[in-house]
Amino acid sequence: MSLAPQDFFPAIAPWVATLDDTFPGAWVKPYFAQWEVLHLLSIALLGGASILLNLRLIGYGLTDETPAEVERNVRPWMHLGVAGVIVTGLLIGASNAERLYTSEAFTAKMLGLAAAIVLTYGVAMPAARRDGALGGAGRLWALAGLAIFALGLLVFGVSKLVNPGLWHVITAAALVVLFVTRGLTRILYLTGLVALIAVQWVMTHLVIPPDDFARLDPANKAFAWVFAAWVLGAAVVQVVTAGRSGGAGAATKGLAYAALLVWVMTAAAGRWIAFA
Ligand code: HEM
């Protein structure tokens with residue numbers, strides 16, 4: 001089963017085929033690389049804004065400012081980054097539309113983008129403006145955002161040749177948790193991570209021969225699950241033990257993790273368009 005846009009919208013195939021011959025696709029095509037640089041710079045901008053905002057909600061980073069102050073300061077950069085990534089994305093997308101139309105990574109990326117917008121604008125930013133309080137609307141947006149995020153992860157995870165990109169998301173989550181945990185939790189967590197990396201390396205380089213893909217694939221997938229469970233477990237411990245420190249409660253802190261990682265998933269899926 002394929003989950004590319006062409007499988008959901010077969011009727012638009014003739015229109016998609018014309019996009020790189022008409023304005024603005026034809027106009028952007030000779031300057032694809034330059035526009036893609038602007039795409040990546042916009043990602044850096046929104047990524048930085050998202051990291052500062054969500055780490056503050058989790059209780060780390062700019063803790064000498066209230067979450068509301070951090071939100072006010074990052075807001076213009078968030079708007080600029082999100083608008084920039086969408087405008088440049090649509091332009092480079094129009095110049096190479098058939099590649100996106102046939103890409104399962106692009107489906108995962110668009111689900112990620114929708115979830116990221118919901119979790120950022122419907123949950124994280126309003127919660128930060130209220131110094132961590134979620135509010136009724138925030139809870140509803142959170143449910144919608146998490147459901148779309150889960151769907152995006154599912155598409156990413158079942159798409160052949162694309163799913164190794166999920167390691168970026170797991171790695172980003174592992175680094176965020178390493179950054180925000182403290183004391184004994186951090187030492188235990190890091191020890192577990194290093195042990196897992198060592199065991200995975202031995203298994204996939206020494207025990208299973210490096211060209212035995214029939215056994216390597218399931219082994220690496222199993223490790224992905226174990227890593228994800230280890231990181232998630234440590235994040236839950238961090239959120240629960242931190243309590244209301246820094247202003248936000250456990251639910252807002254958990255959602256801040258999601259609001260940050262959903263952008264990572266979107267960017268990872270964007271990168272993996274090229275590999276499928
Ligand atoms: C309407 C929204 C968007 C569209 C239409 C779009 C379209 C594209 C296209 C056409 C490419 C080039 C793919 C290729 O030929 O390999 C690309 C690459 C990429 N996109 Fe987007 N994009 C959008 C939003 C985003 C967002 C929100 C993010 C991140 C948060 C993102 C992250 C990336 C990344 C990391 C790459 C890979 C760049 C590289 O080659 O290294 N995109 N995107």
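Here are some numbered notes on the structure above, written for someone new to reading models.

1. **Ground rules.** This is a predicted model, so local features are used at pLDDT of at least 70 and side-chain atom pairs only at pLDDT 80 or more, while totals for chains, interfaces and linings use all residues. Residue numbers start from 1 along each chain, following the sequence as written. Helix names come from DSSP runs (H or I, at least four residues, for helices; E, at least two, for strands), numbered from the N terminus.

2. **Around the ligand.** Start with the ligand, which has 21 residues surrounding it; the closest are G89, G93, A267, G270 and A274. A residue is near a molecule if its C-beta atom, placed from the backbone, lies within 6 Å of it. Which elements give two or more residues to this shell? They are α4 (32–58), α5 (67–95), α6 (97–101) and α12 (250–272). The top contributor is α5, with six residues. Sorted by class, the shell holds 12 nonpolar, six polar and three charged residues. Here Ala, Val, Leu, Ile, Met, Phe, Trp, Tyr, Cys and Pro count as nonpolar, Asp, Glu, Lys and Arg as charged, and the others, Gly among them, as polar.

3. **The core.** Next, look at the largest nonpolar core, which has 70 residues. Such a core is a set of buried Ala, Val, Leu, Ile, Met, Phe, Trp, Tyr and Cys residues joined through C-beta atoms within 7 Å. Buried means 20 or more other C-beta atoms within 10 Å of a residue's own, exposed means 12 or fewer, and partly exposed is in between, with C-beta atoms placed from the backbone. L119, A124, V177, A259, L261, V262 and M265 have the most contacts inside this core. At least two core residues come from each of α4, α5, α6, α7 (104–129), α8 (135–158), α9 (166–180), α11 (213–242) and α12. The largest share, 15 residues, belongs to α12.

4. Setting aside residues up to four places away in sequence, L119 touches A124, G145, F149, L255, A258, A259 and V262. Contact here means that two C-beta atoms, placed from the backbone, lie within 7 Å.

5. **α5 against α7.** The axes of these two helices come within 7 Å and cross at roughly 140°. Axes are lines fitted to C-alpha atoms, for helices over the stretch in contact, and angles run from 0 to 180 degrees between N-to-C directions. For the cut-offs, angles under 35 degrees count as roughly parallel, over 145 as roughly antiparallel, 65 to 115 as roughly perpendicular and the rest as oblique. On the α5 side you'll find P67, A68, V70, E71 and M78, which meet T120, M125, A128 and R129 in α7. This contact has six nonpolar, one polar and two charged residues.

6. **α10 against α11.** Helix α10 (residues 183–207) packs on α11 at an angle of about 180°, with the axes 11 Å apart. So α10 is roughly antiparallel to α11. The residues in contact include Y189 and L196 from α10, and F223 and W230 from α11. By class, the contact divides into 12 nonpolar, seven polar and no charged residues.

7. **A49 and its neighbours.** Leaving aside neighbours within four places in sequence, A49 is in contact with V74, W77, M78 and G81. The C-alpha atoms of A49 and M78 are separated by 5.6 Å, though the two are 29 residues apart along the chain.

8. F23 and P24 are joined by a cis peptide bond, with omega about 5°, and P24 sits in the loop between α2 (13–18) and α3 (25–28). D131 is not a glycine, yet has a positive phi of about 55°; its place is in the loop between α7 and α8. L161, in the loop between α8 and α9, also isn't a glycine and has a positive phi, near 70°. L161 is exposed, with 11 other C-beta atoms within 10 Å, whereas D131 is partly exposed, with 16.
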